[in-house]
Amino acid sequence: MFEPKIVAFFCKWCTSAGADLAGTSRLRYEPNVTGIRVMCSSRVDPEHVLDAFRNGADGVLIGGCHPGDCHYQTGNYQTLKRVKLLKQMMTDLNINEKRLRLEWISAAEGKRFARVVDEFTAEIRQLGRIQYTPL
Amino acid sequence: MKRVGVFVCHCGINIASTVDVSRVVEDLHDYPGIAYIQDYKYMCSDPGQNLLKEAIKSEKLDAVVIAACSPTLHENTFRLAVQTVGMNPYNCEIANIREQCSWVHKDRTVATEKAKRIIRAVVEKALLDESLEPIKVPVVRKAVVLGGGIAGIQAALNIANSDYEVILVEKQSSIGGRMAQLSETFPTLDCSQCILTPKMVDVAQHPKIRLLTYAELADVSGFVGNFKVKIRQKARYVDWDKCTGCGLCIEKCPQKVASEFDQGLGKRKAIFTPFAQAVPNKPVIDCDNCTYFKTGKCRVCEKLCPFEAINFVETDTYIEEEVGAIVVATGYDVYPVLNMGEYGSGKIPDVVDGLTFERLLSSSGPTGGEVRRPSDGKIPKEIVFIKCVGSRDPEHHFPYCSKICCMYTTKHAMLYKHRVPDGQPYIFYMDVRAGGKGYEEFYQRAQDEDKVLFLRGKVSKLYQDDDKVVVCGIDTLSGSNVEIRADLVVLAMAIRPSKGIEELAKLLKISIDQNGFLTEAHPKLRPVESLSAGIYLAGCAQAPKDIPDTVAQATATAAMVANLFAKEYLLHDPIITGVDEELCSGCGLCVAVCPYDARKTNREKGLVEVNEVLCEACGACAAACPSGAAQQRNFTDEQLNRMVRAILTT
Amino acid sequence: MELSYYPGCTLKANAKNFETSALAILQHLDVTVKELEDWYCCGVCFSQTQDNLMQQIAPVRTLVKAKESNRRQLLALCTMCFNTLKRAIEFIKNDKEKRDTIHQFMDREDTKFYGDEVEVIDILTLIRQIGLDKLKAAIVKKAVDLKVASYYGCMLLRPQEIAIDSPDDPVIMEEIITHAGCENVYFPFRTECCGSYQIVSEPEIVRERARKIVGSAVKNGADLMVMLCPLCYYNLDEVQRDIQEEDATFQPLPVLYFTQLLALLMGLKPDLQDFRLHAIDPRPVLKRKGLL
């Protein structure tokens, strides 16, 4: 079975705490996602995402606080806007936009964290290894 | 290259049962950048920490990565430990291989591989971490309190008693606020003014408090510890330095106007103090109603004043002050009866709101404490109280509970019964919420001793019929319709944040919630702070609350202010995003995404400048910067890219 | 100004005075109303109280006809029709699932209705749109000290989503009455339920209500009562006759459709109205006040 490589960016306040909760709850989920803890999802530069794809990531997951709950008031809205544009750009670059996913996961949503990781892993597994041809 | 040491914790079996720790150590031994790697059973234990410190010294490590539990647990522990051997704490990083690895996977090989990926990524970060020092910001140890009701008074007194200077700003000419309007207070029935006025006098006499009444906040800039406030002193047309408060002008003023303090029931003059015990007890001229201002004739007060204190040409002035903290205690207004179509839209004179009834009960009120109804001055024999008017009605008005009505309505009925022993009070209620010390007992007393009749149900309409107000309601406990021909109806109207709160919130850059109240930083753990550092919230501006809760919250704000002022400098987390002047083109993209106004475009220099104190380190600007000039410290593009690659290399 | 007109059953049967007077005043105010060529029962508002979606086909079919007429506004004089049609628009607009089901059942109609194409309007709002000044200018008769009690009933004011004015404290009728040169009588039961269909099974409920509503208007000095709902009209006019029979002391109050009064004030031919249809004869009052 194809085991995709997935890079994730989790905001410190919500999603990373949600991932910790999944851990303390001893939930089981797919091991393909490796997370990087950033202060806020809005720290994620589209270039980091593209760089991940360029270096062989099959998928990129970004986790932030729910709308209205951002620790930095508006950070997650910035992320939302950027991800929208980035997905268009990915289509232009011939990367399936489904390979990038933005999810709102709160510190209380351990179960949701596990589910998102499993779903996303399954989806990327179905999409197969990334075929990236430089322009 | 920096020498990075890695310490892999077993956490007993918590990590070691799924992650093959010795395998991790072996595999990463030759990873470029790792100068030293070791595992240990419990890194957080004293021996674990000693081992860490020893290794830093003996191996001459520049940075360490502790592969263990979540950084929320022991990041601080390890950072303190490395500091003791001279390492900058920002060179200590945590790789979370427990919550995000060993606890969520079963397969040993898979978990071990993932742990290695996590550690490699964090090592890459540590290699480029800078040594950072907390940013030091000097604090102006003076506070401004906005609002001179019980919340503002309490906050100001407590801050001043901690020996810090306070400016208390009140928009009316006297402090006292809503509490000064109340008759007696639940559940002890002590007279509101009797317990409030001594505090008002304390404020006026306190050497550390500067009292600015008839004034309001005009502008604010700056940040925690260093605010600049501009306060508008409204024209009083009376020189308070000369005025002795003798009251001759008030006595002789020919113009009478409905008194706001008496909720329109009594009259005041055009030159007036809102109530007899006002602090300061000096009058102002209400220029909208003054005969001289309206017709150009009169000037009676000017002629009579023995001290030549009247000054008709006075204008608004502005006072600028630097303060370190702001307390917002602007209080509440009563939702107008006008909005209640089913209760006569305010057109029936004997249907009044609760605050108006307070004035009818107050011994300093327009009726001298006798309960006389507004229309004809008769003493009401049957009186209906309706609770939850506008509150708990998400469809038409407000979803929230106004919190104080259950208790004050019970008090109203009780006080009425004390004044009119042969009268009958009825209370229509949805629920009785008597949570609070002595509250339930108070409610029971109203029923048992004072024979207040509680009817569980809503009133669908009321109307004037001859000299009665007919109240049509339902008693849901007996399931029957109830019609009461009342002499007076008192509506427990919803309470609203006071008028102008939106503008004030905008000025202070703090947020308001969906119901218009100021938002606290955290509903449970930070209930007296706003989301902006250095701005604190007290009283009903934040949410409806009674006097004890208000006093408690106000005292808490004072504690927060004293906490802030206790240090000469504020320490600010240094992982802020700066500007590389060589790379910055001054495009301003980062300025637009900053939620804290920490970044400003300097057009002259063609650069963006950063106020490091305001930066909260989200990094949104760093992601927006097209040139790489904005780099978040210890979260640089280079670091993040290397972390990504470290995860992807096999 | 041109709009479609949906009469509904009652205006062609029991409420003839309502239709003739309303159409006459609109003509007088230069408004052209075109009756829909083919219309059906509105469904009657109580169909809305049930979950059976099929009962909604009737109003939606009428709205389809209105859409096909290519006129944006559809005047419904009968307040019950107004209420039914307006609420049908609400669910068509807001409940996609129900809309799809209805569409599937309406396979004979070529036109699909989505809610925004037609605006159902009542005559009060229409008069406001025409302009109160224009109305004022059209008034030629001066009523002598005529005190009018405006009765709203419920259909124009509830539920909130379709209300034309505040459900608890409406002003629109009084506003028009003022501009028509009459005096308003405020009485607390002007938005009270008339008893509605209880007249069929429990007429005593309606009698009690009528007594209360009429009594309150009389007490407050009304010379007559005006309204817009044919059912309210029936319950308050006809029922007064029953009350009179059992209670000789009962003081009756003539009841008119709102538009009847306006037509008289505009000086339109009185014989276009058939005052014999009233249970409580309004002619003595109207003569006394100089309107006949």
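Trainee: Is C:Cys229 buried or exposed?

Mentor: This is a predicted model, in which local features need pLDDT of at least 70 and side-chain atom pairs count only at pLDDT 80 or more, while totals for chains, interfaces and linings use all residues. Residues are numbered from 1 along each chain as its sequence is written, chains are lettered from A and ligands numbered from 1 in the order in which they are written, and side-chain values use heavy atoms, with hydrogens and water left out. Buried means under 20% relative accessible area, exposed over 50% and partly exposed in between (1.4 Å probe, protein chains only). The relative accessible area of C:Cys229 is 6%, so this residue is buried.

Trainee: Which two cysteines form a disulfide?

Mentor: A disulfide is a pair of cysteine sulfur atoms within 2.5 Å. Over all chains, the search of the whole structure finds one. Its sulfur atoms lie 2.4 Å apart, and they belong to B:Cys191 and B:Cys194.

Trainee: What is the handedness of the disulfide of B:Cys191 and B:Cys194?

Mentor: B:Cys191 is partly exposed, at a relative accessible area of 25%. The torsion about the S-S bond of B:Cys191 and B:Cys194 is about 85°, and the disulfide is therefore right-handed.

Trainee: What area is buried between domain 2 and domain 3 of chain B?

Mentor: The domain assignment, automatic or from a database, gives chain B domain 2 (142-232 + 321-331 + 498-565) and domain 3 (248-304), among others. Buried area is the accessible area (1.4 Å probe) that two parts lose on being put together, summed over both. Carbon and sulfur atoms give 63% of the area between domain 2 of chain B and domain 3 of chain B, which is about 1,000 Å².

Trainee: Which element gives the largest share of the side of domain 2 of chain B that touches domain 3 of chain B?

Mentor: Helices (H or I, at least four residues) and strands (E, at least two) are DSSP runs, numbered from the N terminus. Helix H7 (192-205) and strand E10 (209-213) of chain B each supply at least two residues of that side of domain 2 of chain B. The largest share, five residues, comes from H7(B).
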